[in-house]
Structures are given as C-alpha cells and as structure tokens.
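Hi,

Here is the structure I promised to pass on. My notes follow below it.

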Amino acid sequence: SLHFFFFLFGLNHHTSFFLFRELNPNLKISDLFLALHGYQIAVQCRSVESCWFVQVAMVEVAGNTSKPFLDLGSFVGDLNVDDETASDDISLEGLEEELQECQADDVVANILSKGTTLREYTKGVENNLRQVELDSIQDYIKESDNLVSLHDQIRDCDMILSQMETLLSGFQAEIGSISSDIKILQEKSMDMGLRLKNRKVAESKLAKFVEDIVVPPRMIDIIVDEEVNEEYMRTLESLSKKLKCADADPTVKTSKALKDVQPELEKLRQKAVSKVFDFMVQKLYALRKPKTNIQILQQSVLLKYKYILSFLKEHGKEVYLEVRAAYIDTMNKVLSAQFRAYIQALEKLQLDIATSNDLIGVETRSTGLFSRGREPLKNRSAVFALGERINILKEIDEPPLIPHIAEASSKKYPYEVLFRSLHKLLMDTASSEYLFCDDFFGEQTMFHDIFAGPFSVIDEHFGTILPNNFDAIGLMLMIRIIHQHQLVMSRRRIPCLDSYLDKVNIALWPRFKMVFDLHLHSLRNANIRTLWEDDVHPHYVIRRYAEFSASLIHLNVEYKDGQLELNLERLRMAVDDLLVKLSQMFSKQKLQTVFLINNYDMIISVLKEAGPDGGRIQQHFEELLKNNTAIFVEELLLEHFNDLIKFVKTRGSEDPSTGTERPITIAEVEPIVKDFASRWKAAIELMHNDVITSFSNFLCGMDILRAALTQLLLYYTRLSDCIKRINGGSTLNKDLVSISSIMYEIRKYSRTF
C-alpha cells in the first residue's frame with residue numbers, strides 16, 4: 001500500500017526512491033519527492049483532500065497515462081481525522097500535573113507573556129513547518145541529478161569491488177597452495193639437516209676411531225730407529241693414546257680393525273718400553289760418576305724425560321718398577337757416600353770443648369795416677385760460658401761449611417757448628433730430592449727408601465759422637481738448632497724430615513739431661529776441703545755456675561722450657577749449699593760474709609750480662625746479696641764504732657724525763673762523744689780501705705761503703721738526739737761533730753766512685 005511506501009520513505013528516503021524507481025524507470029526524483037512530501041503534509045493536516053497537489057504529483061509521476069500511478073483515494077478512502085480522534089477515548093487523567101509542569105516551562109511562559117493563545121501559536125508553528133518542508137523539497141529537487149549520478153557511481157564501485165573480491169579470492173587460494181609447498185620444503189630441509197648432523201657426528205667418530213687405531217709409518221720409524229729425544233717423547237704420547245683407546249673403548253675392542261692393528265701396537269709398546277728402559281738406566285748410571293752435581297743433572301737432564309716414567313707406569317709397570325728400584329739404589333749409595341765423606345771431613349774440623357771431667361764442681365788442680373794435670377782452660381773457656389757460640393743460631397740459613405776451605409785455614413769449630421752445617425746440607429739435599437721424586441716419579445714415599453742409607457750414616461755418626469759429648473751448652477745449642485730447622489722445613493712445606501728431626505731431638509734431650517745431672521752431682525758431691533781457698537774473692541766454681549746458668553737462661557728466653565727452668569732451680573739450690581759450706585771454712589764471720597757477697601755479686605753480674613731479665617734465679621741472689629750486705633755493714637761499723645752502736649742500740653731510745661732506775665748521765669755519754677770526735681775520719685778511711693781490699697767488684701764495694709756511712713750517720717744522729725734529752729747535755733756540744741761535717745765526708749767518698 002501507499003502507506004507502506006511512505007513508511008519506507010520515512011525510514012529511508014533513498015531506499016524508498018529506488019523502490020519507486022524500479023516500479024517506474026521513467027520516474028524522476030523530483031516528482032517522487034513532491035508526492036511523498038505532499039502525503040506527509042496531508043497526514044499532518046489530518047485531511048488528504050486538502051493536499052490536492054499530492055494527487056497532481058501522483059498523476060505526474062504516473063506519466064502520460066490517464067490513470068494515476070498511485071490512486072491516493074483508493075488507498076486512503078474517506079479518511080476522517082475527526083472520526084479517528086473521536087473514536088478513541090480521551091483521558092484527562094494527569095492533565096492537571098502536566099499543566100503545572102508546563103507552567104514552569106520557559107517557552108510556554110514566553111508565549112503566555114505575549115498574550116497569544118496556544119492555538120494561534122500552534123498554527124504559526126505549523127505554517128513555519130510547512131514552509132520549511134517546501135523549501136526542503138525544492139532542495140531535493142535541485143540535487144536529484146547529483147543523487148542519480150552518485151547512485152550510478154556507487155553501483156559501478158560495487159561492480160569493481162566484486163571483481164576485486166573475485167581476484168583476491170583467487171590470490172588467496174594460490175597463497176594457500178604456496179604455503180603448503182613451503183611447509184613441505186621446510187620439513188624436507190629439517191630432515192636433510194638432521195641427516196647432515198648425524199653424518200657429521202658419524203664422520204667425527206669415525207675419524208677419531210681411524211686416528212686412534214691407525215699406526216702411521218712415521219711412528220713406527222721413530223719408535224724403532226730414532227734416538228730418545230723430544231720428538232720421541234711426543235711419539236710416545238701418541239702411542240700411549242692409541243694403547244689407551246684400544247684398552248678403554250669397548251667399541252674399539254670389538255672392532256675387526258683392532259684385531260689387525262693390535263699386534264703391531266703391542267710390538268711398538270714392547271720396543272718403546274725396552275728402548276726407554278735402556279735410556280733411563282744409562283742416565284741413572286751418570287749419577288754415580290764422582291764429583292757429579294746431582295741436583296743440576298736432575299733438573300737439566302732427567303726432568304726433561306719425565307714423561308718416559310709416566311709411559312712406563314701405564315704401559316710397562318714391571319719395567320717402571322725396575323727403573324724406580326735402580327734410581328733408589330743409585331741415589332741411596334751416592335748420597336750415603338757423599339754424607340759419609342762430608343762427615344769424615346767435618347770430624348777433622350771439630351774442636352773438643354768438654355770432657356767428662358769438665359764439670360762445675362770438679363777441682364781444676366786435681367791430678368791422679370792415670371790422669372794428666374789439667375791446664376788452665378785456654379781453648380776450653382767455652383765449657384760453661386755461651387759467649388759467641390750463640391751466633392750459630394743467627395746463622396741457621398747460612399750455607400754449609402765447605403770442609404777443604406775450612407781445613408785450609410786450620411780453623412776448628414765447636415761441634416754445634418758442624419752439627420748445623422751437616423743438617424743444613426741434609427735439609428737442602430732432602431728438599432731437592434723430595435721435590436724431584438714428586439715431580440719426576442709422581443711419588444713421595446720413595447724418598448724414605450732413598451734416604452735410608454744417608455740416615456743410617458748420620459745415625460752411625462751420632463752414635464759415636466753423643467755418648468762422648470759432655471758439652472751441655474753445645475747440646476742445648478743443638479736442640480735449638482733442630483728446632484730452627486723444623487721451622488725452616490715447615491716454612492718450605494716439606495714434611496720429609498719431620499720424623500728424622502723429631503728422632504734427633506729425642507736423642508739430644510736425654511743426653512743433655514745426663515750431662516746436666518753430672519754438673520749437678522759435681523756440686524752436691526764436691527769436696528769442700530779441696531775446693532776451699534783462703535780467698536774471699538769469687539770462687540772459680542761459682543763463676544762456672546754463674547756462666548753455665550746464664551748461658552742456659554739465655555738459650556731459654558724464647559722457648560720458656562719449664563723442664564729446663566726446673567733443672568736450673570735444682571742447680572741453684574746445690575750452689576746455695578756449696579757457697580754456705582765454703583764460707584764456713586773461714587774462721588771469721590766477717591770473712592764469711594765478704595766471701596758470700598763477692599760470689600753473690602759476681603753471679604748477679606754474670607746473669608745481667610746474659611740478659612736483662614734473669615728471672616727467679618737472679619731475684620733470689622739479689623735478695624741474698626741484700627741480706628748479707630746488711631750483715632757486713634753492721635759488722636764493719638761494730639769493728640770501728642762498737643761503743644757508739646752498743647749505746648745507741650741499748651739506751652739510745654730511753655727518755656731521761658721518765659725517771660728510769662738508771663738515767664743516762666753525761667759521764668756515761670762523754671767518752672763515746674770524745675772518742676768519735678777524735679777518730680771518726682780515720683775510722684772512715686780504714687773502712688774505705690777495708691772495703692776496697694775485700695770486694696772484687698769496685699762498684700759493689702762502694703755501694704757497701706755508702707750503706708755503711710749512711711748507717712753510721714743514722715747511729716750518730718740518734719746519739720745526738722739522745723744527748724739533747726740529757727740534763728746538762730749542752731756542755732757536750734763543743735765535742736759533738738756536726739751532721740753537715742759527716743755528710744761532707746760521705747759525699748767526698750761518693751765522689752771517688
């Protein structure tokens with residue numbers, strides 16, 4: 001129906017236009033627009049008849065036919081808008097609310113403000129809409145040709161796009177075919193790559209197999225005919241690889257190629273083993289030549305051929321063991337002979353220091369039926385004193401003595417010097433041999449087999465030296481040398497001599513303890529009558545003890561050996577007893593005290609020379625010296641000022657005002673004062689002379705004299721104070737010696753020090 005087409009127009013003007021155009025190809029767009037807009041106006045006006053121009057337009061649309069293209073009346077009939085509106089029930093419900101809402105509307109308020117009725121305003125709006133529609137229709141009519149042209153262009157574009165779609169569909173089909181071809185090619189390429197990789201792996205394995213199994217003619221020529229040199233050793237390495245491959249790889253073991261090659265490989269192995277064995281034996285014999293520098297031969301010759309030992313160890317074990325045994329036997333004999341010759345040369349340089357009679361408590365003048373008289377200790381002065389022998393500990397790293405040079409100078413050495421030289425040579429030789437065995441043979445255990453002979457030679461030497469060694473200082477020096485050598489080997493990180501040095505150390509300590517005990521027993525069992533000399537100066541036995549103790553204390557400073565300190569304490573107690581016994585041989589108490597002071601002072605002086613800290617022994621003798629000095633001072637003062645000292649000690653502290661039974665009187669004090677005043681200077685001079693002649697150490701004597709004078713001043717001061725407390729004591733002032741005079745005299749003797 002026409003309503004339907006008009007509905008289409010309302011939805012889409014273009015769609016409606018093309019639909020009508022299909023019904024009538026001669027239809028113009030302007031005519032159609034005119035008819036359609038006329039219908040819209042009629043509907044809005046609620047009257048079809050009022051839109052007469054619609055019918056006119058429809059006739060124009062129909063063309064030259066007498067019948068309209070669309071009979072509007074047949075479609076609309078007797079359209080009555082009023083009946084249509086009347087037929088519906090009009091509801092006024094909610095009108096009041098809508099009127100209230102419209103009252104607030106700006107447009108409605110504007111209309112009402114002008115005084116125009118709504119109906120009139122509605123008509124004006126409708127007229128404006130009609131005019132706008134008419135203008136719009138005219139615009140459509142003017143653009144109708146352009147719209148038709150646009151339609152044609154769109155249709156042409158659709159045709160072109162359809163062709164392109166067909167073409168692209170063909171391209172898509174061809175591309176899909178090409179993609180499948182590429183996928184097939186990719187699969188073929190991956191398959192070929194995998195086969196190539198497998199072939200390369202197979203080729204490398206096969207090439208390695210061929211290389212490991214094939215014996216080149218050049219290898220045969222070198223093994224059989226060439227001399228042993230660097231090229232020969234490289235050939236041995238290649239032969240070793242082939243032999244290892246044949247033994248280790250199970251695939252090679254089962255191959256037929258190996259069955260053909262294995263006999264040839266075995267022949268080459270046997271030939272190589274035999275040839276290098278002869279070569280190594282020849283080189284080992286060179287070590288036995290006299291005056292051969294073994295270390296240079298090892299480093300410059302043998303080490304170049306150390307692969308030969310590795311080859312023999314892997315492919316000729318029995319021959320390797322023969323070479324190893326030959327080397328051990330050779331070096332054992334060579335080193336044993338060298339050390340034996342060196343020890344014999346050193347023995348000619350030995351200086352005898354002490355014998356079994358060179359003990360602290362043995363009397364030097366003693367002679368016997370079968371013993372010769374002893375000379376004063378000329379070359380034997382080092383029996384008890386350390387002296388320059390301590391320097392040997394500073395020469396630990398010095399080279400060993402060269403015997404023929406030392407012998408040419410006719411110089412003799414204490415045994416500890418020879419001991420250090422021997423062990424320095426042993427350490428250097430052992431270190432070199434240990435490192436060579438580790439590098440050349442790849443073994444360390446064979447070192448002890450090699451040095452079994454040298455150790456035996458050295459042990460034999462010590463077996464004859466130690467039992468006849470009575471030099472305690474030398475033994476202690478050797479103990480310290482062994483300790484230093486252990487530190488040297490530890491710094492080198494070479495453990496090959498650890499057990500040997502421990503064994504030597506264990507042998508030295510008991511010998512030292514035995515010799516030390518001999519000295520101790522000589523003091524404890526000393527014959528006092530033969531040792532005693534009517535001389536208050538230091539005794540030679542005590543000097544021996546002082547030097548001996550100072551030497552051992554000095555050697556123990558860095559080691560703090562508790563056992564040695566205990567032995568020194570035992571020796572000190574024996575000397576204390578001996579000194580007391582010797583002092584008791586003097587008839588006078590004063591001489592006994594002087595003898596003890598001289599010996600104590602000498603001991604302290606020697607201990608101080610050995611080191612700044614003499615330890616407990618020095619403190620002990622300092623205390624004894626102090627006590628005996630006090631005794632001597634009292635004895636000296638009593639000898640010259642007996643009355644004064646007795647008076648001060650007995651009655652000097654009494655107070656006359658207390659009313660004692662026998663008060664001090666002037667008559668009692670006056671003789672003492674006058675006696676002192678008459679001879680005090682002469683007495684001091686006598687005391688000075690007595691001290692000078694009695695004490696060996698001048699400084700010690702002056703200290704004693706100063707102490708005596710100081711004590712005398714204290715006694716005389718107490719006497720002066722006592723006189724002041726006596727009634728009439730002032731009468732003695734003329735006879736009293738002033739304190740300042742005594743002080744001056746004391747200072748005068750002090751200046752003579």
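Where does Arg493 lie? Arg493 is in the loop between α22 (472-492) and α23; helices here are DSSP runs (H or I, at least four residues), numbered from the N terminus. Its phi is near 60°, a positive value in a residue other than glycine. Arg493 is also exposed, at 76% relative accessible area (exposed means over 50%, with a 1.4 Å probe and protein chains only). Ser410, in the loop between α18 and α19, has a positive phi too, near 55°, and is exposed at 63%.

Before you read on: this is a predicted model, where local features need pLDDT of at least 70, side-chain atom pairs count only at pLDDT 80 or more, and totals for chains, interfaces and linings use all residues. Residues are numbered from 1 along each chain as its sequence is written, and side-chain values use heavy atoms, with hydrogens and water left out.

Next, a helix pair. The axes of α21 (residues 452-465) and α23 (residues 498-524) come within 12 Å and cross at roughly 5° (axes are lines fitted to C-alpha atoms over the stretch in contact, with angles from 0 to 180 degrees between N-to-C directions). The two helices are therefore roughly parallel, the term for angles under 35 degrees. Phe455, Ile458, Asp459 and Phe462 in α21 meet Tyr500, Lys503 and Val504 in α23, contact being heavy atoms within 4.5 Å.

Finally, α17 (317-347) is one of the helices that line the largest pocket, and gives the most to that lining, with six residues.

Cheers

How values were computed:
Parallel < 35°, antiparallel > 145°, perpendicular 65-115°, else oblique. Buried < 20%, exposed > 50% of the residue type's maximum accessible area, 1.4 Å probe, protein only.
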